[in-house]
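Here's a quick briefing to read alongside the model. Keep the 3D view open and find each spot as you go.

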Amino acid sequence: MNLSKISPRLIIGILIALFFGVSLLFRVVLPYDQVFGGDLIKFTSIDAYYQMRIVDNWVHNFPNITGFDPYLIYPGGGGFGNIHFFNWFMAAVIWIIGLGSPTHDLVNVVGAYFPAVLAALTVIPVYFIGKSLFNRWVGVLAAGLVAILPGEYLGRSIIGFSDTPAIETLLTTTAMALLIAAFKTSGERRLTIDHLIHLDRSVIIRPMVFAVLAGLVLGLYLITWLGGMLLAFIITVYFILQFIINHLRRQPSEHLAIVGVVFFLFALIIFLPISNLRDLNLAIIAAVLIPAILYAISRWMSHRDLKPYYYPLGLVGLGAIFLVALYLVAPTMFGSALMKFSMVFIPGGASGATTLEMQPFLSPQGFFSTAVAWGNYTTSFFLVPGWPIPGFGLISFVIMAGLFIKRSNDRPRFLLFLIWTLVMLVATLIQRRFAYYLVVNIAVLSAFLSWQLIWWSGLRKITAVIPPPQETRARKKRPERRGWTVHHVNVVLAVIVVFVLVFLFNIIKAREVASVARFAPPDAWQDTLVWMKDNTPEPLGDPEAYYKLYPPSSQEDFKYPETAYGVVSWWDYGYWISRTAHRMPVANPSQAAAPITRVANLFLAKDEAASLKIMRELDASYIVIDHATVTSKFWAVVTWADQDLSEYTEAFRLPYQGQLIPVQLFHPEYYKNLVVRLYNFDGKAVTSVHPVVVTYEVKADAKGGRYREITKVQEFTNYNEAKNFLDSLEGSNNLLVGTNPFSSPIPLDAVEDYEMVYGSEHHISDPNAGSIPEVKVFIYRGG
């Protein structure tokens, strides 16, 4: 078989199918046991339980969905809103597969596989972006790379991560691929309004089809995630800059205006009937008008032979006038739009400080680190782990910027991709969660540089067209067969280098990421939630209330029955409680500040009166606490309560065998908190105490950082003795502390009105407390 006669399209089709399979391999096979290994299917994202709660209701009542959900949060409940294409799409697929009567198991199975399939499909538009910008082999390399890039994207698209990131990435990438194709074809065919008027099909069909499809996909994206307006913003910025460039260079922009209006118009057709958010509706309407306005102003200035630089100056002036007018006429709308835009780039408050995905990309712990960047893109971002040496993607971005200046024919497509990349890069640097968007740009850029290495290593020489040998009239001379040359060797070496540097590092990291479902609920939580569903009263009196359709209501208008009650837990677990236990949490990951702050204050309550007051306000009957809440997540509780962690626990250094060992010590205030008294001591009185008195000195390390070094330790078995000894010491650098969160240095009274009713069968081994139930449930019996 002559391989040279195989169609490149067939080869590419096989490779894309292979990459689709590789993507599924990482996303399905590696984490499979962690999702399907137990009695219940585990979803691998906290927010997936919220999304599946919506799907539960939609599938049960398809095609209708409840207008209000009393299980979302208590008291008050809440609505799901209208921006839920992802949930509707999943529910429709489940409903069709289940022939109109899907079981709960089918809902869970399809829901678990859904994000992995969507992520695997993303290799297709990534290929077309690479092909449109450069060539088909760059597209192939990009498709292969996006299938195996680790980090946020892979972690958010494994089976069970049934949240929107996978479909967000698929829709944005597809919209961009189609839009780039629309710009390319409209520019090559010099599309004008006359072509539309005269219905010149040979010119208008391809660019219009691409523009319409791109607009429809953008519309679907906008009804998937409200933050999708960021993509509309990126494209609008592109139009403004491209019109300015074309005007200054006296190049035609008519095709841009046509594509832009059609693109945003069809996005509006999808978005407007569903959205009830006035400011976003007006924003997308403005986006429809902007390309036409830009073209009209450019044409008007050109006809009057005004100096080209008047155009950008005029646009700046008009933009300033519009913003001032909007601020004066509709200050509320202006403030709302500004707040929504700034929230994307500037997270703040306790949610920004305690939410992992909102951490800065290069300083997740408050200081510079390349760890997150390497974990997401390895050599595509930084070439060497731990060193800020630009990797393939960043180097390629600079090269592409140079090509944008050099290649006039490719400028429109290059500029769109560069702006898209730059905005997503900035967003990612501010909030690491946007790394799952940037993955497409990094894949394309890394693929471009990889192809350049292969091409310039010798492939361009090998594929160069060789003039056919001269033929005599007597006979044709057969061309000589060419053997391997140094160029072939160089190409093979280049392919090996690219595979090792660009693919192998990512494959190794991707295997590590996909093998761990970090955000799946532990078995202890699964068991606890099932126990709650089976052993606690139905809050609305009827198990079927979970699936009912409720009319749209405000939090004030909905009337809960007398049987209703709330379940207190840290906010991370609220969606688990709603979806698995069918109970009503008093706080959830929606990050509504008021309920989370109340829970934090309850957990840190020091006396019975304070805790009882908050429990009555919450109208809660149960408290669920896990080991993490009193240990690794305790700092988040303190942060939400707007208190200082140093009041409860501090780090010291203890000299040991010539080294300074870090130790964590706990102040008496830590043990007085309700959450600690309940979980650590089961709400019982503590009489056997282990106080420690330490003396310390404040010192400075080599970098000038200050730390506290323990110079003396005195242990006691009696609190009064320890207190008297502390009072007898001179100076202020003496403390009475506990060394173990499960061994109090001070006596504690029993907690009244709370009783432990369940401890998970799955225990956790704590170095300080031995084997203890990972999750405990307490019933509140107060009035």
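The protein chain has 31 helices and 13 strands, where helices (H or I, at least four residues) and strands (E, at least two) are DSSP runs numbered from the N terminus. Keep in mind that this is a predicted model: local features need pLDDT of at least 70, side-chain atom pairs count only at pLDDT 80 or more, and totals for chains, interfaces and linings use all residues. Residues are numbered from 1 along each chain as its sequence is written, and side-chain values use heavy atoms, with hydrogens and water left out.

**The whole chain**

- Along its principal axes, the C-alpha trace of the protein chain spans about 115 × 65 × 60 Å.
- Of its 783 residues, 51% count as buried (buried is under 20% relative accessible area, exposed is over 50%, and partly exposed is in between, using a 1.4 Å probe and protein chains only).
- The accessible surface of the protein chain comes to about 36400 Å², and 61% of that belongs to carbon and sulfur atoms; the areas come from the Shrake-Rupley method with a 1.4 Å probe, and for residues only the protein chains shown count as cover.
- Take the contacts (heavy atoms within 4.5 Å) between residues at least 6 apart in sequence: 73% of them join residues at least 24 apart.

- Strand 4 (residues 620–626) and strand 13 (residues 775–780) pair in the antiparallel sense over 5 bridges, and Tyr622 has Ile779 in strand 13 as its bridge partner.
- What holds such pairs together? Strands of a sheet pair through backbone hydrogen bonds, either parallel or antiparallel.

**Aromatic rings**

- The structure holds 54 aromatic pairs: rings of Phe, Tyr and Trp (its six-membered ring) pair if their centres lie within 6.5 Å, and planes under 30 degrees apart count as stacked, over 60 as edge-to-face and the rest as tilted.
- Phe381 and Phe382 have ring centres 4.9 Å apart and planes at 90°, so they count as edge-to-face.
- Phe381 is buried at 4% relative accessible area, and Phe382 is buried at 6%.
- Trp571 and Trp640 also make an edge-to-face pair, 6.3 Å centre to centre with 70° between the planes.
- That pair links distant parts of the chain, 69 residues apart: Trp571 is in the loop between strand 3 (566–568) and helix 24 (574–581), and Trp640 is in helix 28 (residues 634–640).
- Both Trp571 and Trp640 are buried.
- Ring pairs also join Phe43, Tyr49, Trp525, Tyr573 and Trp576 into a cluster.

**Charges over rings**

- Arg53 sits over the face of Tyr546, 4.0 Å from the ring centre (the rule: NZ of Lys or CZ of Arg within 6 Å of the ring centre and within 35 degrees of the ring normal).
- Arg433 lies over the face of Phe434, at 4.6 Å from the ring centre.

Technical notes. Two strands pair if DSSP finds at least two bridges between them.
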